Amino acid sequence: HRRQPQRNGTLLWQAAHRGAGSMEHHACPICLERFMTNPSAPLVILNCSHVYHKVCLSQMERFLHKANEKVVCPMCRKGNYYKRPLVEGTTQLREMAATKIQSWVRGRKARRKYLTMRLKANPKFRSDYAYDQL
């Protein structure tokens, strides 16, 4: 593996992160799977601001090496790229998944509480509900 340049290295990666933007609606250009569908899959960002699943990019690089082709970014065809794990995107996707689960649980609790309240307050509803459950 090549070492990334030390001079202006931080600025290079800050620009790459800005270029990548939000991962919410993006998909891996190699496998076309949305990043949000599998938040535990590690992501990689290249210094050209393109983001891929780590497994997809490594398989693409392996394929190009076996075919004796030049290893380039699959999107912009830039050679001699540097890559880094994208933990910010993974964290963002995990938080989004957790938010969806939490909202589903809260909604279920609210619906159960509402049903319990209606069963206690309305005898007609209680008898109709019991009949429907049989």
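## Terms and model

Buried means under 20% relative accessible area, exposed means over 50%, and partly exposed lies in between (1.4 Å probe, protein chains only). By that rule Cys56, at 11% relative accessibility, counts as buried.

This is a predicted model, in which local features need pLDDT of at least 70, side-chain atom pairs count only at pLDDT 80 or more, and totals for chains, interfaces and linings use all residues. Residues are numbered from 1 along each chain as its sequence is written, and side-chain values use heavy atoms, with hydrogens and water left out.

## Confidence

pLDDT is the predictor's confidence in each residue, from 0 to 100. The protein chain has a mean pLDDT of 80. A value of 70 or more is reached by 78% of its residues. Confidence is lowest in helix H1 (residues 9–20), with a mean of 61. It is highest in helix H2 (residues 54–66), at 91.

## Fold and surface

The protein chain has four helices and three strands. Helices (H or I, at least four residues) and strands (E, at least two) are DSSP runs, numbered from the N terminus. Along the sequence, the pattern is α-β-β-α-β-α-α.

The protein chain has 134 residues, and 28% of them count as buried. Its accessible surface is about 10,000 Å² (Shrake-Rupley method, 1.4 Å probe; for residues, only the protein chains shown count as cover). Carbon and sulfur atoms hold 55% of that surface. Contact means heavy atoms within 4.5 Å. Among contacts between residues at least 6 apart in sequence, 55% join residues at least 24 apart.

## The aromatic pair

A search of the whole structure finds one aromatic pair. The rings of Phe125 and Tyr129 have centres 6.1 Å apart and planes at 25°, so the pair is stacked. The cut-offs apply to rings of Phe, Tyr and Trp (its six-membered ring): centres within 6.5 Å make a pair, planes under 30 degrees apart count as stacked, over 60 as edge-to-face, and the rest as tilted. Both residues lie in helix H4 (residues 123–133). They are four residues apart, about one turn of the helix. Tyr129 is partly exposed, at 27% relative accessibility.

Phe125 also has a charge over its ring. The charged end of Arg118 sits there, 3.9 Å from the ring centre. That label requires NZ of Lys or CZ of Arg within 6 Å of the ring centre and within 35 degrees of the ring normal.

Leaving aside neighbours within four places in sequence, Leu115 is in contact with Phe125 and Tyr129. Leu115 is partly exposed, with a relative accessible area of 25%. Its C-alpha lies 9.6 Å from that of Arg126, which is 11 residues away in sequence.

## Cysteines

The structure holds zero disulfides. A disulfide is a pair of cysteine sulfur atoms within 2.5 Å. For Cys56, the closest cysteine sulfur is in Cys31, 3.7 Å away and too far for a bond. Cys76 is in no disulfide either; the nearest cysteine sulfur, that of Cys73, is 3.7 Å away. Cys76 is partly exposed, at 37% relative accessibility.

## Positive phi in loops

Ser49 is not a glycine, yet its phi is positive, about 80°. Ser49 lies in the loop between strand S1 (43–46) and strand S2 (51–53). At 19% relative accessibility, Ser49 counts as buried.

Asn80 also has a positive phi, near 55°, in a residue other than glycine. Asn80 lies in the loop between H2 and strand S3 (83–85). Asn80 is exposed, with a relative accessible area of 55%.
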